Every structure is written in C-alpha cells, then in structure tokens.
Protein chains: 2
Amino acid sequence: MTAKQKPRYQQLKDHIITRISSGELRPTDRVPSENELVASMSVSRMTANRALRELTDEGYVERIAGRGTFVSDFRSRSHVLEVHNIADEIERRGGVHSCEVVRNSRQHARGEIARALHVDQGVEVFHLLLVHCEDGTPIQVEDRHVVADFAPECGDQDFHAVTPSAYLTAISPLQEAEQVVRAQQPNAAVRARLQMAEHEPCLVVIRRTWSRGRPVTFARLHHPGSCYELTGHYAPPGTPKSTPADVVQLENLQR
Amino acid sequence: MTAKQKPRYQQLKDHIITRISSGELRPTDRVPSENELVASMSVSRMTANRALRELTDEGYVERIAGRGTFVSDFRSRSHVLEVHNIADEIERRGGVHSCEVVRNSRQHARGEIARALHVDQGVEVFHLLLVHCEDGTPIQVEDRHVVADFAPECGDQDFHAVTPSAYLTAISPLQEAEQVVRAQQPNAAVRARLQMAEHEPCLVVIRRTWSRGRPVTFARLHHPGSCYELTGHYAPPGTPKSTPADVVQLENLQR
DNA sequence: TGGACTAGCCTGTATATACAACTTGGCAGG
DNA sequence: CCTGCCAAGTTGTATATACAGGCTAGTCCA
C-alpha cells in the first residue's frame with residue numbers, strides 16, 4: 001500500500017513552505033518567480049501560479065505584480081498572532097507602551113513547564129517576567145518560558161525596546177498557537193504588580209506557541225479585569241473591513 | 001472615473017454568494033456544476049472551477065467528486081461560529097446539557113440594545129434569558145436580544161430542545177460575528193443563577209452576530225470563572241489536526 | 001543633466017484542451 | 001431477481017497559450 005501521490009501544485013507548496021519554515025527563505029526574501037519555477041520544477045506556469053496564489057491566501061507569501069513574490073512578514077499572519085504583541089496593540093489605540101523587566105533568567109524546566117514545552121525535565125529554558133504598562137498604568141503581567149536552544153540570545157535582549165513576542169517572531173515565524181482564556185482571581189503577587197483592587201478579577205490568557213513543528217514558548221498573561229478586554233471580529237474571507245466606530249460603541253456597553 | 005471591472009471569476013463568486021445569502025440557495029442545495037456554469041455564464045470551465053474552488057476554501061460550498069457542489073451547512077463555517085452553541089460544546093466533552101428558560105418575551109428595543117442591533121428605538125425584539133447547565137451545574141447565563149422581524153417565531157420556540165444559537169442558525173446562516181471577552185464580577189442576580197461563591201469572577205462574552213448584512217442578535221454570556229474557559233487553536237490552513245490530549249494537559253495547568 | 005520612453009520581467013486573468021478518478025443509474029447477462 | 005459492468009456526468013488536476021497591466025532599469029534624446 002503506497003501512499004497516494006500528492007498533486008503537483010501541492011508538492012510545490014510543500015517545497016516552498018519547507019524552505020520558509022527551515023529558515024532558508026526569510027521574511028521579505030524573494031521567492032522564485034512563476035517562470036523560474038516552470039524551469040526548475042518542470043511544471044506549467046498555471047500550476048506554479050496556483051501554488052503561489054494559494055500560499056498567498058494562506059498568508060505565507062505576498063505578491064506584487066511587476067516585482068515578484070516575497071515571504072510574508074509573519075506578524076500579520078493570523079488574527080491571533082497579530083494581536084500577540086501587546087506593544088502594537090497599545091500603540092494601535094494611541095497609547096504609550098512601557099514595560100518593566102522583573103526577571104530574565106536561565107532555568108531548568110520542571111514539571112508542568114517541561115510538559116507544556118515538550119522537553120525533558122532539566123532542559124534549559126529562559127524565564128521572563130515583565131509588567132507591561134499603557135500610559136503608565138500596568139495592563140499585563142507576562143510570565144513566559146522560552147526553550148533556550150530556540151532563542152539562545154534571549155538572556156541578552158533588552159525587552160524594554162522589543163517585546164518578547166516581537167523578538168521571538170523575529171527569530172523564526174511562529175506558526176501555530178493554542179490558547180486558553182479564563183477569568184480568575186489573581187494571587188497577591190500579580191495583584192500587586194497590576195495595582196488591582198481586592199476581589200477584582202483577572203482575565204488570564206495562557207498561550208503556547210509553536211515554531212518549526214515544536215512548542216517554543218509558553219506564556220501566562222494576566223490582565224486586570226477592569227481595564228482589559230479581548231476583542232475579535234469574525235467574517236468570511238472577502239468581507240469588507242469592519243467598522244471600528246461600531247466596535248467601540250459595543251465595547252462601551254457596560255452594566 | 002468608472003469603477004474597475006471585477007475579474008470574471010470574482011463576478012461568478014459574487015453571483016453565487018448572493019444566491020446563497022438571499023436564501024435562494026439553502027444549505028445542502030445543489031449548486032450549478034462547472035459545465036452548467038460554462039453554458040449559462042459564458043466562461044471557461046477553468047474559470048468556473050476557480051470560482052467554485054475558492055468558495056470551497058472560504059466555506060460557502062462543499063464539493064464531492066462525481067456528485068456535485070452543494071451549499072455548506074454553515075454550522076461548521078468559522079472557528080467561532082462553530083463553538084457558538086453551548087449544547088454542542090458540552091456534548092463534545094461528554095457532558096449532559098440542560099437548560100432553564102427564565103424569560104422569553106417580546107419587548108421594544110431601547111438605548112444600547114437598539115444601537116447594538118442597528119434598529120430604531122421602540123422596534124420589537126425578543127428578550128431571552130436562559131441558564132445552561134452541564135450535568136446539572138449552571139455554566140452559562142445567556143442574556144440575548146433578537147431582532148423580531150428576523151425571527152418572528154422566536155416566542156414560540158422551545159429552547160429546552162434547541163438552543164437559541166441553533167435555532168437562529170437554522171433560520172439563516174450567521175455570517176459575521178463580533179465579540180468582546182472580559183473578566184468581571186457578576187451582579188447579584190447572575191451570581192445567584194450560576195450558584196457562584198462571593199468574589200468569584202465571571203468570564204463574560206459579549207457577542208453580536210450578523211446575517212444577510214445586518215446585526216440580528218446580541219448576547220451577553222456569563223460563565224463562572226471557576227469552571228469555564230475559552231479555548232482556541234490556531235494553525236495555518238493545511239496543518240494536520242491538533243492533539244486533543246495535549247490541550248487537556250494544558251488546561252489542567254493550575255496555579 | 002534630466003526627463004521621457006521602452007524593453008523585459010513580473011503577476012493576474014482567461015481560455016481550450018486533456019486525462020484521471022469518483023459516483024450514480026441503467027442495462028445486459030446470468 | 002440479482003450481479004456486474006459500462007456510460008454519462010461530475011470534480012480534480014495539468015498543460016499550453018494568450019493578453020493585460022504593473023514595475024524597473026537602462027537607454028536615448030533634448
């Protein structure tokens with residue numbers, strides 16, 4: 001029983017995806033043109049066109065008529081990975097982002113962290129603890145573990161300038177994410193860092209992110225319930241952009 | 001300054017989408033085959049193929065080689081609309097769903113409700129208040145308003161058997177959704193209905209849903225923080241399915 | 001020197017054609 | 001009556017070809 005042969009355009013897509021996720025082709029790099037693929041891969045231009053067009057739809061590449069095809073900057077890939085960076089999020093709504101780095105240390109993974117990151121007990125990971133502020137008000141505690149051999153320079157980064165999320169994205173495209181959202185009372189340490197009133201709840205996002213087929217980082221993000229919300233808009237592909245004014249109106253609906 | 005002519009395949013897509021969202025073509029209905037489109041729309045088969053293939057990718061239709069093309073059952077459209085139905089969600093994890101209908105009344109929209117639903121003050125809406133339980137434990141308070149002329153039979157429905165979400169989906173495909181998630185302390189009424197301890201936070205989902213181009217329903221969903229989470233998995237199109245066992249492991253990560 | 005033009009590459013679309021694989025229904029033979 | 005087979009319709013893929021339109025670099029001319 002031999003495996004069924006994949007169609008030619010799919011082989012082409014796989015080939016290019018492999019070159020991207022291996023790091024051989026990096027964001028903004030030029031991808032072979034349709035005619036180059038015709039020559040090098042022995043396909044017709046329509047087949048090359050289909051492969052590249054579908055990669056565009058899936059967010060891997062961007063195409064500019066007259067110039068060529070280029071690997072996407074993955075920051076704008078998915079709805080979620082897009083909102084992954086709190087600094088961008090704050091800036092987008094006109095606030096000023098600042099952050100305090102409480103901890104940036106190298107540790108040995110234990111227990112749940114090792115399991116979440118699919119590494120053995122004792123493997124080295126970085127442990128980051130940051131407090132992000134919008135206009136000086138604390139808005140997120142980021143408690144993150146990063147597999148050390150994925151980001152060996154992590155300990156030397158200045159996370160005031162570039163958030164961990166932006167840094168990790170720059171190393172290699174983050175391709176898959178899994179998250180859990182819950183409402184929870186914070187422990188005393190988190191409450192103090194977020195300057196929260198007693199009994200005020202936290203919105204907690206627990207997120208694990210994959211790159212090149214393995215989990216590379218695991219983050220627990222605490223936000224004060226009184227001043228943070230997750231928003232989302234879901235429309236079929238091809239729908240005109242949403243009306244931001246309307247969204248704001250909805251957000252102000254308090255009881 | 002004339003508007004730029006849309007490409008032929010896009011006109012074809014628009015034509016079919018119009019027939020679907022107008023209700024002329026309903027879920028499971030057969031869509032004209034490629035050859036029929038060639039004849040009726042004067043395009044080549046490759047162009048018809050591209051239109052139908054993209055509609056497949058976008059979730060509007062499903063295609064079966066040898067049989068034909070059929071309008072999708074929209075329940076499985078988007079990541080979010082899929083999880084829209086709490087009864088399915090409970091059933092999927094092996095629980096038993098039950099629910100208490102606290103209120104199902106016809107009202108006149110006022111203030112924020114009218115604005116959220118894009119209707120004038122005084123227009124008739126249904127107001128639903130339900131408590132959903134998993135294995136007898138209250139897990140969600142659903143406080144929903146529905147535009148009356150979208151679902152005129154709403155008042156006669158038995159929402160023990162079919163949740164509002166399933167009912168509304170059956171009337172017409174829900175095509176767009178907008179939601180806000182926050183952590184909040186419940187008021188006394190909600191806390192009592194969910195049998196929550198004092199100071200226990202709620203995970204609140206506020207969701208507005210569109211059909212045929214206008215908002216038709218607006219819901220406030222309160223969940224007890226101690227026993228409810230939103231989960232999500234985000235992967236590029238074409239990635240093999242996630243590993244559920246792993247997700248469970250992550251969810252159990254408590255502190 | 002500077003500006004206009006053009007050749008050459010690129011993507012985007014459209015068509016005609018071909019073959020493969022799948023599904024269904026009907027028909028012929030047992 | 002049942003079984004097996006085949007024909008017709010459908011989707012899925014692949015190719016060759018054509019033309020339109022965007023972009024760039026280099027050339028030519030004033």
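Guide: What follows concerns a DNA strand and then a loop residue.

Guide: This is a predicted model, in which local features need pLDDT of at least 70, side-chain atom pairs count only at pLDDT 80 or more, and totals for chains, interfaces and linings use all residues. Residues are numbered from 1 along each chain as its sequence is written, chains are lettered from A and ligands numbered from 1 in the order in which they are written, and side-chain values use heavy atoms, with hydrogens and water left out.

Visitor: How many residues surround DNA strand C?
Guide: There are 27, counting a residue as near if one of its heavy atoms lies within 4 Å of the strand. A:Arg45, A:Met46, A:Arg63, A:Thr69 and B:Arg8 are the closest. Of the atoms of DNA strand C that come within 4 Å of the protein, 71% belong to sugar and phosphate.

Visitor: Which side chain has an N or O atom 2.4 Å from a base oxygen?
Guide: That is A:Arg45. Phosphate oxygens of DNA strand C have polar side-chain atoms of A:Thr69 at 2.9 Å and of B:Thr47 at 3.1 Å.

Visitor: Which element supplies the largest share of that surface?
Guide: H3(B) does, with 4 residues.

Visitor: Changing topic, where does B:Asp158 lie?
Guide: B:Asp158 is in the chain B loop between strand S6 (137-147) and helix H7 (164-171), the helices (H or I, at least four residues) and strands (E, at least two) being DSSP runs numbered from the N terminus.

Visitor: What is the separation of the C-alpha atoms of B:Asp158 and B:Val101?
Guide: They are 8.8 Å apart, and the two residues are 57 residues apart along the chain.

Note on methods
A polar contact is a pair of N or O atoms within 3.5 Å; within protein, one must be able to donate a hydrogen and the other to accept it, and residues adjacent in sequence count only if both atoms are side-chain atoms.
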